[in-house]
Amino acid sequence: IHDDAMAHTNTRSLALHEATYGISSDPLTEFACAFAALILNVDHPGVSNEQLVEEKSNLAVLYRNECVSEQNSVAVAWGLLMEPSYKDLRACIYTSQSELERFRHIVVNAVLATGILDEERVTTQAVRWEDAFRCQPDSSVDGQTSNTNRRAMAVVENMMAASDLSHTMQHWDVYVKWNELLFDETYMTYLSGRCSNDPSQTW
């Protein structure tokens, strides 16, 4: 009975591993997603990327008008993570240069995926999804691994984009709370002259 139970558990684990393109059995990817969700609005300037670009802000210039607040969030949060006081945390996240690079790659892609108002970024993301799921895995092991990795990254990106708006799909009170806060922020932006549209007229 024990052997049968173990075999069943292993079969289920393998099925879950394959269904999630390895995400469910990769703690580094899972933590990278959690970390990305935690930092995606770090040091947010309180206005849209479009407004930052229009104002020719220092951030917009620095990030060449692309996913400005998202790139800034990654830069600020990554700088904090690299501080000496987080040495032990870093040791828990990765143990080699390759793991560090993979962790950063996932975090950057996951955070940038939340820039859903950046049409170019959204188009690029959609193309990557199509490429990942339209093509069949190569017969070689390397080819299969490469395609599985592409699919996993596409899933992570779309999951993060959806989670950025998750308050709209939760309990009504949760939706109202965060929608009201967004309205207040947008209205203050309008009153300060940094936005031409009065949200109270269209909200």
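1. Of the 203 residues in the protein chain, 31% count as buried; buried means under 20% relative accessible area, exposed means over 50%, and partly exposed is in between (1.4 Å probe, protein chains only). Bear in mind that this is a predicted model, where local features need pLDDT of at least 70, side-chain atom pairs count only at pLDDT 80 or more, and totals for chains, interfaces and linings use all residues. Residues are numbered from 1 along each chain as its sequence is written, and side-chain values use heavy atoms, with hydrogens and water left out.

2. On to the overall layout. The protein chain has 10 helices and 0 strands; helices (H or I, at least four residues) and strands (E, at least two) are DSSP runs, numbered from the N terminus. Along its principal axes, the C-alpha trace spans about 70 × 40 × 35 Å. Take the contacts in the chain with a separation of 6 or more: 55% of them are between residues 24 or more positions apart. Contact here means heavy atoms within 4.5 Å.

3. Now have a look at helix H5, residues 68-81. H5 has 14 residues and reaches 20 Å from its first C-alpha to its last, close to the 20 Å expected at 1.5 Å a residue. That expected span is 1.5 Å times one less than the number of residues. The buried residues of H5 include Val-68, Asn-72, Ala-77 and Leu-81. As for partners, the buried residues of H5 pack against helices H2 (27-39), H3 (49-54), H4 (58-62), H6 (87-93) and H7.

4. Is Ser-73 buried or exposed? Ser-73 counts as buried because its relative accessibility is 0%. The side chain of Ser-73 reaches the backbone oxygen of Val-42 at 2.8 Å. Leaving out residues up to four places away in sequence, Ser-73 touches Ile-39, Leu-40, Asn-41 and Val-42.

5. Next, how H5 meets helix H7 (residues 97-112). Their axes come within 9 Å and cross at roughly 145 degrees; axes are lines fitted to C-alpha atoms, for helices over the stretch in contact, and angles run from 0 to 180 degrees between N-to-C directions. On the H5 side, Glu-70, Gln-71, Val-74, Trp-78 and Leu-81 meet Leu-100, Phe-103, Arg-104, Val-108, Val-111 and Leu-112 of H7. Sorted by type, the residues of this contact of H5 with H7 come to 8 nonpolar, 1 polar and 2 charged. For that sorting, Ala, Val, Leu, Ile, Met, Phe, Trp, Tyr, Cys and Pro count as nonpolar, Asp, Glu, Lys and Arg as charged, and the others, Gly among them, as polar.

6. H7 itself has 16 residues and reaches 22 Å from first C-alpha to last, close to the 22 Å expected at 1.5 Å a residue. Buried residues of H7 include Leu-100, Phe-103, Val-111 and Leu-112.

7. Two loop residues are worth checking on your screen. Lys-56, in the loop between H3 and H4, has a positive phi of about 55 degrees although it is not a glycine. Cys-67, in the loop between H4 and H5, has a phi near 40 degrees, a positive value in a residue other than glycine.

Key. Polar contact = N/O pair within 3.5 Å; in protein donor to acceptor, adjacent residues only side chain to side chain.
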